[in-house]
Amino acid sequence: MSDAEVVLALALGVLFTAGTFLVLRRDLVRVVFGVLVLSQATNVYLVTMGGIGGVAPILGHGGTITDPLVQALVLTAVVIGFATTALLLVLVYRTYQEHGSIDLDDIQGAVR
Amino acid sequence: MALPALTPQYVLGLAALLVLVVDAFTPTSRKNGLLAGLTALAGVTSAGAAAWLYAGGAGRTTLFDGALAVDASTSFFTAVFGCVAALVAVASYDYVREEPHQSAYYALVLLATAGMSVMAAANSLVTAFLALELVSLPAYALVAYLKRDAGSAEAGLKYFVVGALSSAILVYGISLVYAATGVFGFAALADAVAGNAHVTVLGAGVVMLIGGFAFKTASVPFHFWAPEAYEGAPAPVSAFLSSASKAAGFVLAFRVFLLAFPLAAFEALGIPWTLVFAVLAVVTMTLGNVAAATQTNVKRMLAYSSIGHAGYALIGLAALSGPTSSDVAVVGASFSHLFVYGFTNTGAFLVVALAERWGVGRTFEDYAGLARSAPVASAVLAVLLFSLAGLPVGGGFWTKYALFLGAVQSGLWWLAAVGVVNSALSLFYYSRLVKAVWVDAPDETGVARERPTGIYAAVVVAAVVTVALLVAPDVVFSWADAAARALVSA
Amino acid sequence: MATFILGLPYDSNVQPTPDLWVLLALVGLPFAAAAATPLVARALGNRTAYYAAAVAAVCFGLVVTLAGTHGGAAVSWVGPLSVSLGFYVDGLATLVGALASGVGVLVFLYSAGYMRGEPGQPKYYATMLAFMGSMLGVVYAGDLVVLFCFWELTSVASFLLVGHYSDRRDSRYAARKAMLVTVGGGLFMLVGFVLLASTVGTYSLAAMLAEPAATRAAVERAGLLLPILSLVGIGAATKSAQVPFHVWLPDAMAAPTPVSAFLHSATMVKAGVFLLGRVRPILVGDHWTEIFVALGLCTMLVAAILAVCASELKELLAYSTVSHLGLIVAGFGFTGALGSETAVFHILNHAAFKAALFLVAGIVAHEAGTRAFDDLGGLRHDLPITAAVAVVAALGMGGVPPFNGFYSKELLFEASYEFAHHAGGLAWLAPVVAVVGSVFTLAYSLRFLAVFFGERPDTLGHVHRAPWSMTGPPVALAAIAGVIGLGGITAALGAPLAPVESFVGWVVGATLGPEAAGHAASFHYYLPTYVSPAVVMSALAIAGGIVCYLRWRTVRWATRGLLGALPVLRADGWYDGFVYGANHASTRVQRALWTGHLRTYAAWTFVGAVALAGFGYLATGIAVPTAGPTLGAGLTIILAVAAVAAVAAVRAPSHVAGVMALSVVGFAVTVFFVLASAPDVALTQVVVETVTFVVFLVILDKLPSYYGRIERSRAARDAVISVLVGGLVTVTTLVATDASPDAIATYFVENTVEQAGGHNIVNVILVDFRGLDTLGEISVVAMAAVTVLTLIVMRERGETP
C-alpha cells in the first residue's frame, strides 16, 4: 500500500471527532462511550498501519501477506481495552454509589 | 553468586501471588501485619537483588528475543521502586488497617512495582506499552481504594479517563513510529530511524510518545490528573504514585529516547526532540511551582510540587547535547534526582499520612504548631521539605545542583536559570509549611499523639536516607553514573 | 591567636598548612553538640546555656590553634561532581571565625540570663549551635560548593531563630522574609559560583586564591567577569542586607535579642562582606569598584537616614547595622590596600561595639520593659554599668575619637578621598556621601545614648539591675572596643598596639588583589596629630552630627518627611509585592487549570496532543499527499457505517440507545478487521464486543437515566476541540498511509514454521515469539479482574450504602 487513503482518513477523522466530543460531556456514561469510540478508532488505525491490501497472515494461502506483528499488537490492545473498559465501568458504578449522581458537574469538587 | 537477570521482577511477581494466597489461609485478625511485612520484604529483597546485580558488574543482558534488556539502569530504578514500595507497605500497615480487602491492596502495590521494574527493562515499544498498562491499572484501582470516601472514587475515575486517553495517544504514537520504520525493538528502531524517509510520520509519532510518557510522569501537557489523584488517593498511594510511578515513566522515556531514537539521527532528520523536552521542562516546573505556591491544602501542595519536580527531571532529556561525557553527566543527574526524590517525596507524603491518621486536618492552618505535639515527625518534615526545595540539608541539593550544572554544560543557560528561579519559588511554599509546623502557634497545646509504628518507621527511614545522601552521595551518584552510561553509550 | 599575641609576623612564607582533622572537628563539633542538645537540656534545664558556651569556647580554642596556619585541606566528597569537602584557612577566615565563636561564647552566657525560664530552650540552643557551626563552615570553606552549603544553612538556622516567638505575627512574617531573601540571594550566588568554576575548571577556592591573577585572567577571557561579579554581589548584598535587599534585617529584630546580637550584627550578616573579602583577590578591578562602592555608600546613607527615623532601640540598631555593613562593603570596594584595611578593621570594630549595643538594648528592654525611645531616659542611675558600656560602644559607633569606630571610619574617608582624587568627576560623590552618612551616624548614636541621660520619664517604673550573666558579656565586648580605641592614642604617642595591628595586617593581606600584594603586614592606626583631608572630613562629620543631634526634632521631622515623600527608601514594597504577586499568579493559574471538572482535564489533554503533533508537523514540514480513494467498496461502506454509528452515539437520546449505536461501531470495526485481512483480531473483537455489550447493559441497569442537555456555548467549544482532533487524525492518516513500512516483519514470515511449527503467524507471535508480551497482557487482565472484584464488593459486603 503506498497511496494515501482518503476514505480511511475521513472515517477515522469522524470517529475521533465523535469520541472526543463524547469525552467532553457532562454525562459520565457518555464519557465512557467516548473512551470506547476512541479506543476502537485507534485499533482500526493500528491495523491499517500493517497494510490492509494483502492476504491474512496465515502461511500457505499465498500472495503478499499483511503485517502480522501489528495484528499481534492490535490483538493485545483489544484485550487490554476490554480490561480497561470493565474497570472503567466499575469505577463509574463506584462513583455513582458515592455521589449518587453521574452528572460530572455534581461530582466535581468532592476532592478539593 | 550469579542471579538471573530478572530476579527482582520475579520476586515482586511471586510476592504478589503469595499475598493473594496468604490471604486465603490466614485469620483476619493478623492478616494486615503479615501482608504488609511480606510486601515490604519483597520490596527490599528486589531492591537488594538489583543492587546485587549491579555490584556483580553484569553488563547488558537481552532477554526474550529482545523484548527485555537488563542493564545498570534497570537495576538502579528497580532499587528505587523496591525501596519506595517497601516504605509504602510499612506505612500502609497503619493506614489501611481499618480498610477491607487488604490483600488486594498489597497485591496491587506489588504488581504495580513489578510492572515498573519491567518498564525499567523494556526494550521494545510493545513491551513498553504493556508494562505501562501493568502499572496504570493498579494505580487507578489504588487511587479509588478508600472505602466510603467520595473523593477517592472520584479521583480514581478522573485519573482513569485521562489515563485512558493518554494511553490511546501513546498507542497512536507507537503506530506512527511503526508506520515509518516497520519495527518495534529499540535497537532495530535506532537503525531504522537513521536517514528515515518518512520524517513527518516519525516526528508526529515521537511527539505522541512524549505525550504518553508525560502522562506517566505527570508532566505538561498531561499533568492534570495529578493533583486530584494524589489528593483523593490514600496518602501512601499518593506517595507511591508520585515517587515510584513517576520514576518509572522517566526511566521508560529515557530508555526509549536514548536507545531507540538517537539524538544525532533525529537532528539529521530535522527533529530535535530535545527542544520539545526543554520547552516541556520549563513549562512543567513553572506551572507546578506556581500552582503550588498558594495551596492551602498540604497534600495538594505536595502534588503540585511533584509536577514541578517532574520538570526538573525532564532537564535530563532536554540537556542532551551529543558528547558522551556530558550526556552521561546530565542523565546521571536526572537519575539520581529521581532516586533521592523517591525517598524524600515518599517521606513527605507519609508525614501527611501520619497527620491524616491523627486527624489534624488537611490545611496548613491545621498543621500549625505540630512541632509541639510531634517534634520527631515535624523535624522529619522540615528536613524533607528543605531537601525538596534543594537546600543543603538533604541529598536533593546535590541532584538539583547536578541537573542545573548539566544544563549549563550543554549550553542551556536559560533552562538552568529557570530551574534556579523555580527552586527559589519552591522554597516559598515549602517554607510556608515548615513555618506552619515549627513557627506558627497552635490553638491548643499538649495533645498526646499516638505513634503508629509503621508510618513512623517509614518517615524516619526516609529522612535518614535523605540526609545520608547529602553526607555520602557518592554511592548513588556512581550507580546513577553507571546507569546513565549503560543507556547513553549503548 | 596565640601566635599573634606573641607578635609573630603573619606574612612569612613558612606558615604550616592546617590540619584537616582540626578543621573537621571545628565545623562538626557545633552540629554534633546541636544534635545532643535536646538530651542535654533535659538534664541541665536553664543551665543549657553554659553547655552551649562551653562548646563555643572549644571552637574558639580550635580557631586559635588554626590561627598560625595558612592554606587548604580537602577530602573528596562527591566524586562524579568533582566536589570536595575542602577547607581553607587564612587571616580573613581566622578573623570571622574568631568572631563567630568568640561572640558566640559571650552571647550564650548572656542567654543564660536573658532566656531563663523561657519555653523552647532546647530548640533555641540547638539552632544557635547549628547556626554557629554553619557560620564556621562558611568561614573555613575552601570549596565554592561547600561555602554555598553552609551559607544556606545559616539562612535556615536564622529562619528558625527569627521565628522563635512563634505566638507573634510579626516574628512569623519576619522569619519567612529573612529566609526567602537570603536563600534566594544565595541561589544567585550559586549560579555565579558555577560560572566561576566552569571558567576556571575547579571549585577549589584554595586553588583559585593561590593563583588569583591567573584565575581572573581566565574569567576575563571567558567574558564572564561582570555576570559573576553581579551574581556573587547579589548573594553578598542579600546576606549583608544591602539596599534594596535590606528589608529583611529590621524585621528580623523580632528575634530574641541575643539572636539579634549574634546573627544580625556580629556574624551572619558579616557572611556577605566575608564573601566579598574572600573573592576580592580574584575579582577586584574597575567593575568591582564601581559596583561595590556605589552599593556600599548608598546603603550607608539610606540606612543611616532610616536609623534616624527609628522609634525604638532595636530598630535603630538594625538600620545602623545595615549602614555599617554598607561602610564595610564600600571599603572592600575600593581598590588597593587602604580599602581592605577599612573593611577588615571595621568588621572587627563593628562586631565589638554593635554586639555590645544589642546586648545593652536587650538589658534595657528586659529590665525596663520597653524599647521605645519616647518611654525611656535617664537610665544611668538605674543601670550604671550598662550606661558605661553604652557610652564606649555608642561613641565607637558614632566615630568619635578616640573610640574604636573612629579609626576605621577615618580609613574610609581616606580611601574615598584618594579614590575621588584619582578618578575625578562623579567619584567626588563618594567622599561627600561618606561624610553625610557619618553625620547621621553620629546623630543617631547620640540619640541612643540619650536613653541613659537626661530626664527620667515618670511613666517608667522601677528598673532592676541586670544579673551579671547579662552585664558581663557586653562589658567584655566594650572592653575590647575600648582597648582598640586606646591603642590609637598610644600609637600616636609612639607605642602602637602591636598584636591588633599585626593581626589586622595579616587579615588585610588575605583580601588584597594580586597588584597590591606585599602591602600586607604594614597596617597601622593612630590618632591623627596633623591635618589631612580625612581629618577635615572627620571634623565635618562630627560637627555635623552634633548639630544634628542638638536639632534632633527638626532633623527627625525632615527625615520622616523625606521618607514620606520617598517611601521607596524603605523598599519593603518589592518583597511584599513579590509575595503578593506570586500568590496572585498562583491562585489564577490554579483556578484556570484545575477546575475539578473532568472535561477541563480531558480538553487540555486533547489540546496538548494536538499541539504536540502540530509541533511535530511544523518541525518536519508537512506535505499532505493527494490521492483518490483506493479502498474497495466493501471497506468504504463499512467505514461509513462505523462513522455514522459514532455520530449516532453522540446524538443518542438515551443511554441504551447510545450503547446500541456503540455496538454498531464495534461490529462495524469487526467487519473492517475481517476485510482488512486480520481474522484473528476480528475474532477477538467479536468476543470482546459481545461481552462489553453485556457488561454495559448490566451496569446501565444500576445507573440512573440522566442525560444532560447540551449547552450551546459549551457544545460549540467542544466541537472546535473535537474537530481539531479529528482533523489532526485525518491529516496523520493521510500522511502515514502514504508512507509504506520499509520492512514488513519478514523475519516472522520466514521463521514461523521452522522455529515454532505454526502457520498462523499472528498466533505464533503471540504464544511463541512474543510470549512475554502475552504474559504481560494476561497479567493486565488478571489485575483488572482483582480490581473489579475489590471495587464491586467493597460496599456490598457488610454494610449497605
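**View 1. Met119(B) and its contacts.** Skip the neighbours within four places in sequence, and Met119(B) is in contact with Ala128(B), Ala131(B), Leu132(B), Val135(B), Ala248(B), Val251(B) and Leu252(B). Here, "in contact" says that the C-beta atoms of two residues, placed from the backbone, lie within 7 Å. Met119(B) also sits in the largest nonpolar core, which has 587 residues; Met119(B), Leu350(B), Ala356(C), Ala393(C) and Ala642(C) are the ones that touch the most other members. A nonpolar core is a set of buried Ala, Val, Leu, Ile, Met, Phe, Trp, Tyr and Cys residues joined through C-beta atoms within 7 Å. And "buried"? A residue is buried if 20 or more other C-beta atoms lie within 10 Å of its own, exposed if 12 or fewer, and partly exposed in between, with C-beta atoms placed from the backbone.

A quick note for every view: this is a predicted model, where local features need pLDDT of at least 70, side-chain atom pairs count only at pLDDT 80 or more, and totals for chains, interfaces and linings use all residues. Residues are numbered from 1 along each chain as its sequence is written, while chains are lettered from A and ligands numbered from 1 in the order in which they are written.

**View 2. Chain A by itself.** Chain A has four helices and zero strands, so called from DSSP runs numbered from the N terminus: H or I over at least four residues for helices, E over at least two for strands. Reading from the N terminus, the order is α-α-α-α. Of the 112 residues in chain A, 78% are buried. Take the contacts in chain A between residues at least 6 apart in sequence, and 42% of them join residues at least 24 apart. An unreviewed UniProt entry marks residues 6–24, 31–52 and 72–93 of chain A as "transmembrane region"; UniProt positions are given in the numbering used here, feature names are shortened, and annotations may be inferred rather than shown by experiment. Residues 6–24 of chain A are 95% helix and 0% strand, with end C-alpha atoms 27 Å apart. For residues 72–93 of chain A, the figures are 100% helix and 0% strand, and the end C-alpha atoms lie 32 Å apart.

**View 3. Where chain A meets chain B.** Chain A brings 27 residues to this contact and chain B brings 26 residues. On the chain A side, α2 (28–49) and α3 (68–99) each supply at least two residues. Which helix gives the most to that side? It's α3(A), with 15 residues. Sort the chain A side by type and you get 20 nonpolar, five polar and two charged residues. In this sorting, Ala, Val, Leu, Ile, Met, Phe, Trp, Tyr, Cys and Pro count as nonpolar, Asp, Glu, Lys and Arg as charged, and the others, Gly among them, as polar.

View 4. Strand β1 (residues 71–78) of chain C pairs with β2(C) in the antiparallel sense over seven bridges; two strands pair if DSSP finds at least two bridges between them. Val75(C) stands opposite Leu85(C) in β2(C). Four residues lie between the two strands of this hairpin, and Ser82(C) in the turn has a positive phi of about 50°. Is β2(C), residues 83–89, mostly covered or mostly uncovered? Mostly covered: seven of its seven residues are buried. Val83(C), Leu85(C), Phe87(C) and Val89(C) are buried on one side, and Ser84(C), Gly86(C) and Tyr88(C) are buried on the other.

View 5. A cis peptide bond joins Val220(B) to Pro221(B), with omega about 5°. Ala218(B) is in the loop between α8 and α9 too, and its phi is near 55°, a positive value in a residue other than glycine. Ala218(B) counts as buried because it has 29 C-beta neighbours inside 10 Å.

View 6. Gly223(C) lies in the loop between α9 (212–221) and α10 (225–239) of chain C. Why does Gly223(C) count as exposed? Because it has 9 C-beta neighbours inside 10 Å. Between α10 and α11 (248–251) of chain C comes the loop with Ala241(C). Ala241(C) has a positive phi near 55° and is buried, with 29 other C-beta atoms within 10 Å. The loop between α17 (384–398) and α18 (404–423) of chain C contains Pro402(C), which a cis peptide bond joins to Pro401(C), with omega about 5°.
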